[in-house]
Amino acid sequence: MKDFTFQRLAAAEDAARAVAGRPGAMFLAGGTTLVDLMKIDVLTPDTVVAVRDLGMSRIDVSDDAIAIGATVTNSQLAWHPVVRDRYPVLSEAILSGATTQIRNMASVAGNILQRTRCPYFRDIHASCNRRQPGSGCDALEGFNRGHAVLGVSEHCIATHPSDMSVALAVLDADVHTVQPDGTTRSIPFGEFHKAPGDTPHVEVALEHGELITHIVISYLPAARRSHYLKVRDRASYEFALASAAVVLDLDGDTIRAARLGLGGIATKPWRATQAEQSLTGRKATDDTFRAAAEIALAGAVARKHNHFKIELTKHTIVRAFATARNANV
Amino acid sequence: MTTLRVNNTTHELSHDPRLTLLDALRDVLGLTGTKKGCDQGACGACTVIIEGQRVLSCLTLAAACDGQQIVTIEGLIKGEELHPMQAAFLHCDAFQCGYCTPGQILSAVCAIQEVHAGVPSHVTRDVRQTVDGATLPDEEIRERMSGNLCRCGAYANIVAAVRQVLADEVRS
């Protein structure tokens with residue numbers, strides 16, 4: 001691990017200023033991504049600014065929204081009784097990721113900022129446009145069984161690994177931040193993550209030194225009928241090969257509105273809006289869901305080893321919607 | 001300077017910022033019960049309890065634990081009396097080489113506290129329901145313990161040990 005200076009500050013703006021003033025500085029919350037990647041020299045900050053003690057660890061519930069502090073742990077959020085009741089898709093997504101030890105450490109803001117698990121990103125001897133712009137992408141012709149089929153470019157096919165983010169995408173969360181000068185802003189979740197395009201190293205909409213303070217989810221009555229389904233190589237403690245986050249608003253057996261997010265197959269937490277629109281007004285049958293799945297995957301681009309993910313994801317979508325449809329809520 | 005409160009003893013450490021909690025415990029404080037397995041957050045051998053929550057000490061910087069209450073395997077025993085989970089691991093033969101065992105035991109102690117708190121896991125059928133220790137299926141124990149790998153494959157007896165402690169607590 002490269003040497004660094006460790007700083008702990010008392011206010012969010014101070015932390016933002018401390019990072020903004022140094023190009024090589026980074027925020028540290030739970031450390032499950034940062035310390036891991038520092039150990040293998042993928043991240044080499046010269047300054048690490050701890051944000052755990054900035055008073056951002058509360059979950060505030062009101063009738064029309066829930067505000068989640070940036071350093072609330074994944075466990076805190078997944079286990080919160082109001083989250084479990086109003087947004088089961090969010091609890092389920094979080095609980096499907098990692099292990100209790102890691103969820104107890106990892107922060108909510110850190111989860112949405114986590115880096116890809118692409119093995120070429122994690123190996124400093126490999127070519128990776130995301131880690132080192134312009135160096136190439138060894139995944140394109142390499143072992144790409146776990147890689148993305150949606151949102152890909154000729155420069156990067158790495159998946160976004162977060163389960164929680166897929167749920168936050170379908171819940172239309174807003175990411176609230178503070179800038180070094182103290183100004184605040186709110187970023188819609190769909191604009192927060194960036195598909196790689198020509199600039200795979202630009203992963204999120206944050207400026208250097210801009211600090212996430214909290215995430216807000218508006219009350220969505222339909223989310224009581226929601227579900228997260230994750231398909232993976234092991235029953236536990238494994239990243240998704242494919243996952244679907246669904247919200248289903250039913251009027252009898254007719255779909256009033258539906259939401260569909262996809263994980264494990266896309267370069268950013270994916271929202272399949274065209275597939276969602278195709279469901280409005282239809283009967284909630286497996287055939288209807290299959291037709292929507294076809295639309296969701298219409299633009300998929302597979303490489304040598306990950307073609308199976310396209311069909312796998314379609315099945316995942318159908319089963320996720322069917323489970324939500326059949327739930328007693 | 002970092003203040004580490006480990007098993008109710010306070011230590012003041014002046015250290016390299018790169019020092020992980022795992023290395024601080026083992027190499028600085030001599031508490032070698034906490035094991036270094038993968039050292040990259042994959043195996044759970046380094047599990048400790050910080051402020052009542054089980055976490056991985058290999059991915060935790062010592063500097064980030066300033067002032068926090070830390071419990072390691074050395075802190076579970078009360079005088080000469082083993083913690084019920086330690087006794088259950090012995091009784092159920094829940095280990096072979098023993099390297100993952102300190103992490104398994106600390107993880108299991110917390111897993112049972114989480115069950116008593118009623119919180120769901122990935123395999124809980126409905127996250128709205130409150131789980132009940134008396135009727136907890138084995139798949140719940142396996143899922144809740146999935147962050148601790150055992151290369152000897154003592155899993156069946158580890159589940160039995162957790163089950164025994166749960167049963168004893170429900171009875172008493």
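The structure is a predicted model, in which local features need pLDDT of at least 70, side-chain atom pairs count only at pLDDT 80 or more, and totals for chains, interfaces and linings use all residues. Residues are numbered from 1 along each chain as its sequence is written, and chains are lettered from A, with ligands numbered from 1, in the order in which they are written.

**Between the chains**

Chain A contributes 29 residues and chain B 26 residues to their contact, where two residues are in contact if their C-beta atoms, placed from the backbone, lie within 7 Å. On the side of chain A that touches chain B, the elements listed in the table each supply at least two residues; helices (H or I, at least four residues) and strands (E, at least two) are DSSP runs, numbered from the N terminus.

| Element of chain A | Residues |
|---|---|
| Strand S1 | 5–8 |
| Helix H2 | 34–39 |
| Helix H4 | 81–86 |
| Helix H5 | 88–95 |
| Helix H6 | 100–105 |

H6(A) gives the most to this side, with 5 residues. By class, the side of chain A that touches chain B has 12 nonpolar, 10 polar and 7 charged residues, with Ala, Val, Leu, Ile, Met, Phe, Trp, Tyr, Cys and Pro counted as nonpolar, Asp, Glu, Lys and Arg as charged, and the others, Gly among them, as polar.

**Within chain B**

The domain assignment of chain B gives domain 1 (2–75) and domain 2 (84–171), with bounds that come from an automatic or database domain assignment. The C-alpha centres of these two domains of chain B lie 22 Å apart, and 14 residues of domain 1 are in contact with 11 residues of domain 2. On the domain 1 side of this contact, strand S3 (47–50) and strand S4 (53–56) of chain B are the elements that give two or more residues, and S3(B) gives the most, with 3 residues.

**The sheet in chain A**

In chain A, 5 strands form an open sheet in the order S4-S5-S8-S6-S7, with antiparallel pairing; two strands pair if DSSP finds at least two bridges between them. Strand S4 (59–61) and strand S7 (184–188) of chain A stand at the edges with a single partner strand each, so one side of each is left without a neighbour in the sheet. S4(A) pairs with strand S5 (residues 65–69) of chain A in the antiparallel sense over 3 bridges, and A:Val61 has A:Ile66 in S5(A) as its bridge partner.
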